[in-house]
Amino acid sequence: MIEKVLNRIKLERFKNGFSQEFVANELKISQSFYSRVESGKNNLTLDLLLKLAALFGIPPEELLK
């Protein structure tokens, strides 16, 4: 299931035309940390999921579909 969530996050990032660097800057984390989250090497926390949903302008549950 986590793979599907991470793929959805990537898809939303692409749909918005955001780079990993832009997302990381907006979330106040390093680009390398964000890259590891997106690739599944670091854990995706609930806090980060909520911040990503807000950044993408969608309800958090959309990332969980």
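Is Phe22 buried, partly exposed or exposed, by its relative accessible area? In this predicted model, Phe22 is partly exposed, with a relative accessible area of 34% (buried means under 20%, exposed over 50% and partly exposed in between, with a 1.4 Å probe and protein chains only).

Local features are given at pLDDT of at least 70 and side-chain atom pairs at pLDDT 80 or more, while totals for chains, interfaces and linings use all residues. Residues are numbered from 1 along each chain as its sequence is written, and side-chain values use heavy atoms, leaving out hydrogens and water.

**View 1. Ring pairs link Phe18, Phe22 and Phe56 into a cluster.** Rings of Phe, Tyr and Trp (its six-membered ring) pair if their centres lie within 6.5 Å, with planes under 30 degrees apart counted as stacked, over 60 as edge-to-face and the rest as tilted. Phe18 and Phe22 form a tilted pair, 4.7 Å centre to centre with 40 degrees between the planes. The ring centres of Phe18 and Phe56 are 6.3 Å apart and their planes lie at 25 degrees, so this pair is stacked; it links Phe18, in the loop between α1 and α2, with Phe56 in helix α4, 38 residues apart (helices are DSSP runs of H or I, at least four residues, numbered from the N terminus). Phe18 is buried at 19% relative accessibility, as is Phe56 at 6%.

**View 2. Lys28 lies in the loop between α2 and α3.** Although Lys28 is not a glycine, its phi is positive, at about 60 degrees, and the residue is exposed, with a relative accessible area of 74%.

Definitions and conventions. Helix = DSSP H or I, 4+ residues; strand = E, 2+ residues; numbered from the N terminus.
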